Amino acid sequence: MHSYPTPALIQVKELTAQAAENPARAIAFQGAPGCNSHRAALEYAPQCAPLPCFSFEDALDAVKEGRADRAIIPIENSQHGRVADIHFLLPESGLSIVGEHFLSIEHALMALPGAKGPFAAAYSHPQALGQSRHYLRARGIVPMAYADTAGAAAFVKEQGDPAAAAIAPALAASLYGLDIVEHNVEDAADNTTRFVVLARAPLDPATIEGTAMTTMIFEVRNVSAALYKALGGFATNGVNMTKLESYQKGASFSATMFFVDIVGRPGEESVDRALEEVAFHCKDLRLLGSYAQARPRG
């Protein structure tokens with residue numbers, strides 16, 4: 001908690017106290033109050049008690065320890081790709097994915113009251129800086145990485161430098177007393193981040209209403225064409241795979257894990273047959289959860 005800038009720490013203490021009063025309503029998120037994950041929690045569950053956490057690990061621990069019922073974690077962005085470390089943290093957490101949410105990203109450039117620029121630097125999370133890189137380059141503003149977007153806004157407020165700006169959601173400007181210099185500084189109008197919602201217990205796939213998604217990770221056997229044969233299990237059984245990403249397991253660079261999303265749920269005949277075939281070609285197969293499919297806006 002003490003790693004937050006002072007303006008953010010005040011908000012953190014208030015929200016933490018509110019979440020402690022009713023942990024069953026609490027949704028943990030990474031970042032300072034006012035960040036996009038805070039926005040995502042309020043959009044996903046408007047009546048929730050948002051619980052700010054300094055790191056992704058802290059947010060996951062809050063759920064494991066019972067201080068929050070769920071956590072909402074960004075997993076990928078339409079412009080900047082995968083959120084770092086998430087593929088390692090999700091399997092290690094022991095939590096289950098119980099939902100997803102798509103958040104439209106709208107970045108604002110904000111600064112001290114009355115400051116109009118020119119600005120020497122803009123602070124924000126590396127994802128937000130990457131999503132606004134053309135805007136910053138065109139204006140000669142140096143991007144400066146910070147732990148999260150709203151924390152960067154609180155840092156600019158705390159430092160009191162009129163030549164410094166932050167890129168963050170408009171909510172952060174209202175929380176920390178900054179002026180918005182310009183709205184929508186993101187480079188793409190359709191900028192969207194996908195979040196997953198995590199809980200201690202998985203959903204019963206049979207209770208999911210509408211179209212279901214299932215997320216899993218697996219490591220194929222070290223034999224020729226193992227990945228081709230494993231993925232063929234989805235194709236031959238008519239299961240739509242919407243995401244496939246690989247990442248290295250350990251430092252040997254000889255073991256590759258695959259992170260997969262499919263449309264469907266265990267209990268459906270086609271999915272069960274596909275999972276059986278995939279498992280035959282894998283050293284390790286773990287389901288991370290089944291949940292109702294969400295759709296990005298627009």
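**Salt bridges and an open sheet in a predicted model**

In this predicted model, a salt bridge, defined as a side-chain nitrogen of Lys or Arg within 4 Å of a carboxyl oxygen of Asp or Glu, joins the side chains of Arg 194 and Glu 100, with an N to O distance of 2.9 Å. Arg 194 belongs to strand β11 (residues 192-199) and Glu 100 to strand β5 (residues 96-104), so that the pair ties together parts lying 94 residues apart in sequence; helices (H or I, at least four residues) and strands (E, at least two) are DSSP runs numbered from the N terminus. Arg 194 counts as buried at 6% relative accessibility, and Glu 100 is likewise buried, with a relative accessible area of 5%, where buried means under 20% relative accessible area, exposed over 50%, and partly exposed in between (1.4 Å probe, protein chains only). Through salt bridges that share partners, Glu 76, Glu 100, Arg 194, Lys 243, Glu 245 and Asp 261 are joined into one network.

By this rule the count of salt bridges comes to 13. Among them is the pair formed by the side chains of Arg 67 and Glu 65 (3.0 Å, N to O), in which Arg 67 is partly exposed at 40% relative accessibility, while Glu 65 is exposed at 53%. Another salt bridge links the side chains of Arg 70 and Asp 69 at 3.3 Å, N to O, and Asp 69 counts as partly exposed, with 27% relative accessibility.

Five strands form an open sheet in the order β8-β7-β9-β6-β10, with mixed pairing, two strands being taken to pair if DSSP finds at least two bridges between them. The edge strands, each of which pairs on one side only, are β8 (142-145) and β10 (179-182). Neighbouring strands of the sheet are turned by 35° against each other on average, direction ignored; axes are lines fitted to C-alpha atoms, for helices over the stretch in contact, and angles run from 0 to 180 degrees between N-to-C directions. Strands β6 (residues 108-111) and β9 (residues 164-168) pair in the antiparallel sense over four bridges, and Ala 111 has Ala 165 in β9 as its bridge partner. Helix α7 (residues 149-159) lies across β6, β7 (121-124) and β9, and runs at about 155° to β9, contact meaning heavy atoms within 4.5 Å.

Residues are numbered from 1 along each chain as its sequence is written, and side-chain values use heavy atoms, with hydrogens and water left out. Because the model is predicted, local features need pLDDT of at least 70 and side-chain atom pairs count only at pLDDT 80 or more, whereas totals for chains, interfaces and linings use all residues.
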